[in-house]
Number of protein chains: 2
Amino acid sequence: MERRPLLHIRGSINTDEFLDDSVKVSPDCGKVLSAKYESLDYDVCENSLLLEEERRRGYPYILRMGISRWLVMCIIGAATALVACVIDISIDQLTTLKYRVLKKFTDQCILENCLVTPFLLWASFNVCFVIIAAICGSCVEPVAAGSGIPQVKCYLNGVKIPRVVRIKTLLAKAVGVTFSVAGGLAVGKEGPMVHSGAVIAAGVSQGKSTSLKQDIGIFEYFREDREKRDFVSGGAAAGVAAAFGAPVGGVLFSLEEGASFWNQSLTWRIFFGSMVSVFVLNLVLSAYHGQPGQLAYAGLLNFGKFDTLNYDWLELPIFLCMGGIGGLLGAFFNQLNYKLSKFRMRHIGHRAWMQVMEAMIVAATTATAGFIMIYTIDDCRPIGQDPNKFSIQMFCGDGEYNTLGALWFQTPEASVRSFFHDPPGSHHPVSVMSFFIVYFLLAIWTYGLGIPSGLFIPGLLTGAAWGRLVGMGLSAAFPTAAWVDPGKYALVGAGAMLGGIVRMTLSLTVILIEATGNISFGLPLMITLITAKWVGDYFNEGIYDMQIGLAGVPILAWEAPPLSRTIYAPQVMSHPVITFSPVEKVRNIVNVLKTEVHNGFPVVEHSSCDSEELGRSCGRLRGLILRSQLITLLQQRAFNEEPALLSRHIAMKNFRASYPRYPSIREVELKEEDMEHTIDLRPYMNPSPYSIQHNTSLPRIYLLFRGLGLRHLVVVSDSNQVVGVVTRKDLARFRAGHHRGQSGTEELLISERV
Amino acid sequence: MERRPLLHIRGSINTDEFLDDSVKVSPDCGKVLSAKYESLDYDVCENSLLLEEERRRGYPYILRMGISRWLVMCIIGAATALVACVIDISIDQLTTLKYRVLKKFTDQCILENCLVTPFLLWASFNVCFVIIAAICGSCVEPVAAGSGIPQVKCYLNGVKIPRVVRIKTLLAKAVGVTFSVAGGLAVGKEGPMVHSGAVIAAGVSQGKSTSLKQDIGIFEYFREDREKRDFVSGGAAAGVAAAFGAPVGGVLFSLEEGASFWNQSLTWRIFFGSMVSVFVLNLVLSAYHGQPGQLAYAGLLNFGKFDTLNYDWLELPIFLCMGGIGGLLGAFFNQLNYKLSKFRMRHIGHRAWMQVMEAMIVAATTATAGFIMIYTIDDCRPIGQDPNKFSIQMFCGDGEYNTLGALWFQTPEASVRSFFHDPPGSHHPVSVMSFFIVYFLLAIWTYGLGIPSGLFIPGLLTGAAWGRLVGMGLSAAFPTAAWVDPGKYALVGAGAMLGGIVRMTLSLTVILIEATGNISFGLPLMITLITAKWVGDYFNEGIYDMQIGLAGVPILAWEAPPLSRTIYAPQVMSHPVITFSPVEKVRNIVNVLKTEVHNGFPVVEHSSCDSEELGRSCGRLRGLILRSQLITLLQQRAFNEEPALLSRHIAMKNFRASYPRYPSIREVELKEEDMEHTIDLRPYMNPSPYSIQHNTSLPRIYLLFRGLGLRHLVVVSDSNQVVGVVTRKDLARFRAGHHRGQSGTEELLISERV
């Protein structure tokens, strides 16, 4: 029965001790769970304080909370949109400046034969911008690096990743992503918007910021994990909505990541927030682009208007094949990126200066690669076909422009639009092919750098490149067919590639449908994405799941692994359990909190200890008390012996006051005589925690955790004596083994060393 | 502590006894729950037979099941689309025939002054068609009457409504809706498609039909409530998708109604089914309309192409007001329909001939009203503006047509399109106004008749009428404004009206967005719908919830009522509990099954009976056994004394064989000597049923039921002795009181007499 892994230590660990650690991928290759991640607590502690508060406040309070929730969601949507606008406008200004200068020097130097000058200029622009981005993502706030989608996924799944929803993270993210896009790297600004939305939601809903030491005192009743999670899912949805102009896609994104806590009114509220976000973004960006009130800019990423996006049903096999190619390329992308991440963890680690160095090298390489391509490939087209602002002539004849120059001298979003909408014959196959290969490799190298960076744009752009190639091939093969449109194939390729990398399902389809603004093209996109996902899943996981696995985050899958019904609670749970008596001595409490890392402690009555029970501890379950509650009680001196206790009222607001950052036990000042006092835990503990019998199987435990958002599940014996506690990490150890034929379940280790 | 209502009887009742009863609304005004509805059982019974089967079959079996699920969903999507096509084409043929004849006679009689002939012809067409529809919905299968959406909602919520997913119901529904639409009633064919999809899903996924006595023997492993529910939600989504050309809306519809069991791969599968449904429908209908391979017919309901659906943000207040009007009108609609439903229950009841009579009267009245309007209102417009096929001249000049004739001589879907797309000035305000009033009243009268009938079209059509009026008013007020387009306001009005009636939220918005094919108009639609819902909710419930309440279905809301944390398990549960011993005498089992109506029985060990326990029964919880399992065991003669038991193997397939219609205990043949035998229940019972402590509060019980899809929840004492059982009906009694100020929870009665 005892199959505990060597490194396994009991249960959940207090984050206080780990705040200095940065969240980085682990060198143990995704087979070890880190002990340092806390779970969020979605269970309501129905103690007598809560009941009293509810009784006192009554129905008007419930009504007020309902209205506040809508109000907060509206603010979240608007604020997310504004942040998106600031990022977008800054990038627009910076890139316009950069490419204007570059174009001027290139056009001039091509005559004066000083092409080294624009090259050096380009490289220095990139490197300078990227240094700022790398400082944001490596030194200022390491959790702001990357796209942020894995972190938001983990949060919605119920894992508290330190510092992921702080104001400082938002600032680092916003500034960083602006400069990494402006720095010409193969990154996008869309993924980071999801993270930004989540941070904004967490901040707005709490009505205070611990970092800024501001507490405006409103929305105090939203200061609990459960309410905060609802708002964060709304913020993430608003972020997706702003990024892609996709309010429905935003709702579905949050849904895919957190469906276990879904309910109707929350869905509707999230949709409202997403709509507000799209509306505000549209209003501001339309005004910025000189069309106030026109609402022509639906999202940050605009695919442009597809008017003639029809398909014949005979094309479906082609889309199927393209989905397959996308899956293969995506799996290849993920595999290379995985190897690179492991290499990085081993040789770069957490050293910020090395991260900055690497980012600088990538920035310089990107500029070099671009310049070499523009210099060596002479793909000339007549001016006038392409709407590019900074097209350069290079070695082309008068009245012509260099197509590679046009692709490189614009933001990647604009390049995606070029592949989608440029008329047939705008590019030579060789230039598209070389662009694809170079950009694909650059994107692999770039994702994982210590800079805020999105993955959607590189995925879409490389996909659009090879999709366009497919379209050009089909045009050559069937020159008279009406349905051949290279732009359409570029769109399908973009979807296939992105689907092959991220393996998102419903939400990605809807996001792409909304971004193209064409509903009738849904089926082709879906067929492509589903094929890409299946083909890719045959080889490895999606890149976000890979990153989560590398970081050792104890994320819970949707279901228990197959064939795990023969794994029972005693194999899953942690034991022996540290318990408290209903009336406990302060010394005991302090000692336990100082020496143990657990966060939840069953409260038991030692009435009739039955020696036949499993485990060493015994006593009938009376309730569950959390570390944060105990610390608050100690701080509030809720001692039975305290003469002032009867007159002083300990209420829910005392427990909410320090949320979410409770002091560590070492910060609580207690005198030696306090140690002999006692605390009556009964009014404060959760009197009816969810518990299971020891013969419960893993799938049933899993269902309880996912369905109810639990943090602790008490395992009791046949006579209701506590024998163990199951936490998220105990459960996350069991996961479906990949490609293992018969055996469906593999067991991970839990380590503090990740 | 004991607050049990007078009429309350214990727990869940076996449906076998109630199969002859038809599902009709109750005369007790929505304040009583009917005892006759069973719950579905979504909990997996992890007994040793299941474990053995899993071990034997291993991983390849899980893989095969995964592939089968996709295959089945594909078939469901295609089959739903085909049924939709058959209905659509039949309606098209019947109405073309009807209106061609009517037009011929009208045009002829206007010259020969014999207008009574076309009127009588019209009335007889309608009455004849409606008689067929009424026979389908009243005599053949009463559960096929109405839109079916309330029934599907209940099913997805976990209530088994007798005969709701049978083949006979599908046939009655399909034939009935064809003839009720062709009969010119104020009904649509869209709502019934949701029900049709659900029936198809239930049928296809089981690979057998009990009604048709066919068992093709495949998909045997999907024969359980849990798997069936997943497919039914897919079928409902495919139905929505086919009806509105809205695959995403379909997924969201299923999600809104059943989110508690959602997971990622299921969502994706449902989306796939919906896409297949839309694709097949499109393929068939395009071919039928002479454009094979063009994919121009996305759904049954086609709003037509909106090319210029723009809005200025200054219009948002107008949309807000229109939402308010929609909410008011919707609440008025629901209130009148509610009164009418109660009147019907009292004076018509279940008498099929009276239902047919009423439907005939409505059909004749509809024709009369239409004829009077065409006859009296002379609204003439020049021919050529309106694409109507059967426009009539009536008293108009040559080269003109009667606009009311055009509105009435087509299907309601086509009339909706007329309001959306007819150029400004196509109608006179008086004709639109009178059409609105007449159609509104007819729609109220029609919904609730004993015919299959959808509510979407009447809602959209009346809304489009008053929306168009608003648009005409605005055109008159701001004749130079570019944004005034009567068609746009007709669309907003249609959304507001429908939203005010059905109060669906996210899914309805997305359905309308997909049906218009215009994503940028999402925000106005959403603002309209949300206002309509809020305004409407102030007065009463949505019409589907009203019907469910009238029928006394024990549906579970999303959350426990507010302020219900002080209601504890003993107030909720049913007790005393009938229990069995692990090894039980056959006589006891048979007696209990014959005299009790319960469906689940805790298995307890009478070891140390403690007299201080609550309730009369005592003994430690060992497991839970279902009525259906006991009946199978008796049928299989799984007696300990049976000499053949050791050699004969009782396996899961024996339990699945009779699913979902197990014989009644009276149909099991047992000899008198069998009565003295015993059965060992331990290998067959669920060894770890979910249980709660008796001090658990209502919100926690609620969360368990909704989150896990439970049917029985065992309440145990502090020493794990069984003290009660909570079933869905016990829980559904507690619901949020409407408009009651302070008191948030009201308690319903449970009655067998509903």
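This is a predicted model: local features need pLDDT of at least 70, side-chain atom pairs count only at pLDDT 80 or more; totals for chains, interfaces and linings use all residues.
Let's start with a serine. B:Ser697 sits in the loop of chain B that runs between strand S12, residues 691-693, and helix H23, residues 698-708. Is B:Ser697 buried or exposed? Buried counts as under 20% relative accessible area, and B:Ser697 comes out at 0%, so it is buried. Setting aside neighbours within four places in sequence, B:Ser697 touches B:Arg565, B:Ile567 and B:Tyr568 in its own chain, plus A:Glu46 from chain A.

That last contact takes us to the interface. On the chain A side, 78 residues are in contact with 77 residues of chain B. The area buried between the two chains is about 7,400 Å², and carbon and sulfur atoms give 65% of that. In chain A, the residues that lose the most area to chain B are A:Trp268, A:Arg565 and A:Arg700, which together make up 11% of what that side buries.

Now the polar part. The rule finds 10 salt bridges across the interface of chain A and chain B. One of them links B:Arg700 with A:Asp43, where the closest N and O atoms are 2.9 Å apart. There are also 22 residue pairs in polar contact across the interface of chain A and chain B, with both residues at pLDDT 80 or more. So which elements of chain A supply at least two residues each to the side that touches chain B? Among them are helix H1 (48-112), helix H8 (264-288), strand S10 (620-626) and helix H23 (698-708). By residue type, that side of chain A divides into 43 nonpolar, 22 polar and 13 charged.

Next, the strands. In chain A, strand S9, residues 600-605, has five of its six residues buried, so the rest of the structure largely encloses it. S9(A) pairs with S10(A) in the antiparallel sense, over six bridges. Strand S10 of chain B, residues 620-626, is mostly covered, with six of its seven residues buried.

Staying in chain B, have a look at helix H12, residues 412-421. Eight of its 10 residues are buried, so H12(B) is largely enclosed by the rest of the structure. The buried ones include B:Pro412, B:Glu413, B:Phe419 and B:Phe420. What covers them? The cover includes helices H5 (190-206), H11 (403-408), H13 (429-446), H14 (456-477) and H15 (486-502) of chain B.

Last stop, a lysine. A:Lys153 lies in helix H3 of chain A, residues 149-157. Its relative accessible area is 12%, and the cut-off for buried is under 20%, so A:Lys153 counts as buried. What does the side chain of A:Lys153 make a polar contact with? The side chain of A:Asp545, at 3.2 Å. Beyond its neighbours within four places in sequence, A:Lys153 is also in contact with A:Glu257, A:Tyr544, A:Ile548 and A:Ile555. A:Tyr544 is 391 residues away from A:Lys153 along the chain, yet their C-alpha atoms are separated by 8.7 Å.

That's my tour, thanks.

Methods
Residues are numbered from 1 along each chain as its sequence is written. Chains are lettered from A and ligands numbered from 1 in the order in which they are written. Side-chain values use heavy atoms; hydrogens and water are left out. Buried means under 20% relative accessible area, exposed over 50%, partly exposed in between (1.4 Å probe, protein chains only). Helices (H or I, at least four residues) and strands (E, at least two) are DSSP runs, numbered from the N terminus. Contact means heavy atoms within 4.5 Å. Buried area is the accessible area (1.4 Å probe) that two parts lose on being put together, summed over both. A salt bridge is a side-chain nitrogen of Lys or Arg within 4 Å of a carboxyl oxygen of Asp or Glu. A polar contact is a pair of N or O atoms within 3.5 Å; within protein, one must be able to donate a hydrogen and the other to accept it, and residues adjacent in sequence count only if both atoms are side-chain atoms. Ala, Val, Leu, Ile, Met, Phe, Trp, Tyr, Cys and Pro count as nonpolar, Asp, Glu, Lys and Arg as charged, and the others, Gly among them, as polar. Two strands pair if DSSP finds at least two bridges between them.
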